[in-house]
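Open the model in your viewer and keep the selection tool handy. We'll go from stop to stop, picking one thing at a time.

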Amino acid sequence: MKSYLTALQAIVFREGWRFINQRSRFFAALVRPMVWLVVFAAGFRAALGLSIIPPYQTYITYEVYIVPGLCGMIQLFNAMQSSLSLVYDREMGSMRLLLTSPLPRGWLLFCKILAGTIVSIVQVYVFLALAALFGIDMPAMGYVYLFPALVLSGLMLGALGLFISSTIRQLENFAGVMNFVIFPMFFLSSALYPLWKMAESSPLLRDICAFNPFTYAVELIRFSLYGQFNGAALMWVALSFAVFMTGALIGYDPARGMLRHRAVGPK
Amino acid sequence: MTIFSVRNVSYSYGPKKALDDVTIDLEAGRFCALLGPNGAGKSTLFNLLTRLFVTREGSIRIAGHDLAREPRKALAALGVVFQQPTLDLDMSVAWNLKYFAALQGLSGAHAKKRIDAALARLDMSERAREKVRELNGGHRRRMEIARALIHEPKVLLLDEPTVGLDIESRIAITDHVHDLSQTGLLVFWATHLVDEIRPSDDVVVLHRGRILKHERADSLCAGGRLQDAFKALTSRQQAEVDAG
């Protein structure tokens, strides 16, 4: 058991160290949601009327509405960034160190996504502190309840990133995946507008949003910020985590997944 | 005592057979060179030995453990130096080694002791605090060899470890690793350079995915040059293939 924790600690430290040393990544991770919050939300405030929907018990401004979505966005970008670094590690060879360790491969891959989740949680809390400076704050206990929700949503998105990385043959293919994953996941969710608002324009789009696991990650975050429990969101996020993690484990299984398929064709 | 056994292993990339019925048995305390030209199947064999690929055809046993049935025990007995460097360049030498030790489940004073011993064995102790980026190619390679020894494996695999190094570094590393085999470690060294092989070494000649010969270097070259013996073997097989 101790050896498992030793590996976890080292992988988390490595991920954290890399994040701190990539200053542009740290900067971008904070600027991106702040631009959405301060510029986009301010412009949208007048255009978008919000009714009182759970977990809110009063009218809220649009800036307040999109904060959980932006927390989710931070985690989504971070997960995709980790996924990119996994593909890079695989191309550069350092992934081999991980894959040839005698510890179970599933555990090491889980450590990888947990490390990414911890990095993303730090970013979310720094973002929330900046948002509070702009006067957009949440109930005090909400920041505490938020933590477990972020762990689960971070793991789910991290597992998705891991799964994607296991299906990508080359680094060059990654940009396409970013466009096909990040943007649809973000825009077809409840991050920027509530689902009832989406239904007004298109019931089909609403249904797609209701199927998108990112919607539930955002709702889990939203409810937890107000100290409320959203069982459906929790279930959906947990189920998505299980599905993506299973896919990733198959992808990184030398007998079945991508590692074997990568061998096909001339070297 | 046989410590490393590859039996009837085959592997294909689609219709192309990269390894064809490969069988190799090796004993502890030996230096065995896997000699083959580029494209002979050396890297494929290494990927199978490190379980990055798996095959259903044949079996691989390392230190008595079947790689398919007991992968964790088999991998724990294996130290690997990949052809491609696998280092965090902006981390110190010591940190890179500590990270690897952690992936092997080693920590604290125990890991430190092993790291210090591995660095000392490769004359790298004074460089422990340097960033890997500041090391030259030869020292980076030495560091990777030191790292591969931290968990005290019984078998050390090296996939063309001297590629891209200057002559001096190549000789130093080849000498170091030959010395390691004197301590009871089995060294399995893939190369296409015959000058890295000593007369007393075992040589496995791999060509087009098949083992052409497995014997001591001095008996393989029978008084002549190893290079000539190697050329004769591979061109004979080529002629057989061409004749159909």
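How are H6(A) and H10(A) directed relative to each other, roughly parallel or roughly antiparallel? Select helix H6 (residues 142-167) and helix H10 (residues 213-225) of chain A: their axes come within 7 Å and cross at roughly 165 degrees. H6(A) and H10(A) are therefore roughly antiparallel to each other (angles over 145 degrees count as such). Axes here are lines fitted to C-alpha atoms, for helices over the stretch in contact, and angles run from 0 to 180 degrees between N-to-C directions. Helices (H or I, at least four residues) and strands (E, at least two) are DSSP runs, numbered from the N terminus.

A word on the ground rules: this is a predicted model, where local features need pLDDT of at least 70, side-chain atom pairs count only at pLDDT 80 or more, and totals for chains, interfaces and linings use all residues. Residues are numbered from 1 along each chain as its sequence is written, while chains are lettered from A and ligands numbered from 1 in the order in which they are written.

Stay with the helix pair and show side chains. On H6(A), the residues that meet H10(A) include A:Leu146, A:Leu150 and A:Met156; on H10(A), look for A:Leu220 and A:Ile221, among others. Contact means C-beta atoms, placed from the backbone, within 7 Å. The residues of this contact of H6(A) with H10(A) split into 12 nonpolar, three polar and no charged (Ala, Val, Leu, Ile, Met, Phe, Trp, Tyr, Cys and Pro count as nonpolar, Asp, Glu, Lys and Arg as charged, and the others, Gly among them, as polar).

Next, hop over to chain B. Six strands make an open, mixed sheet there, in the order E6-E7-E8-E3-E9-E10. Strands pair if DSSP finds at least two bridges between them. At the edges you'll find E6 (78-81) and E10 (210-216) of chain B, each pairing on one side only. Zoom in on E6(B) and E7(B) (residues 155-159): they run parallel, joined by four bridges, and B:Gly79 stands opposite B:Leu156 in E7(B).

Last stop: where the chains meet. Here 24 residues of chain A are in contact with 24 residues of chain B. Which helix of chain A gives the most to that side? Select H1(A), with seven residues.

Terms used:
Angles under 35 degrees count as roughly parallel, over 145 as roughly antiparallel, 65 to 115 as roughly perpendicular and the rest as oblique. Two residues are in contact if their C-beta atoms, placed from the backbone, lie within 7 Å.
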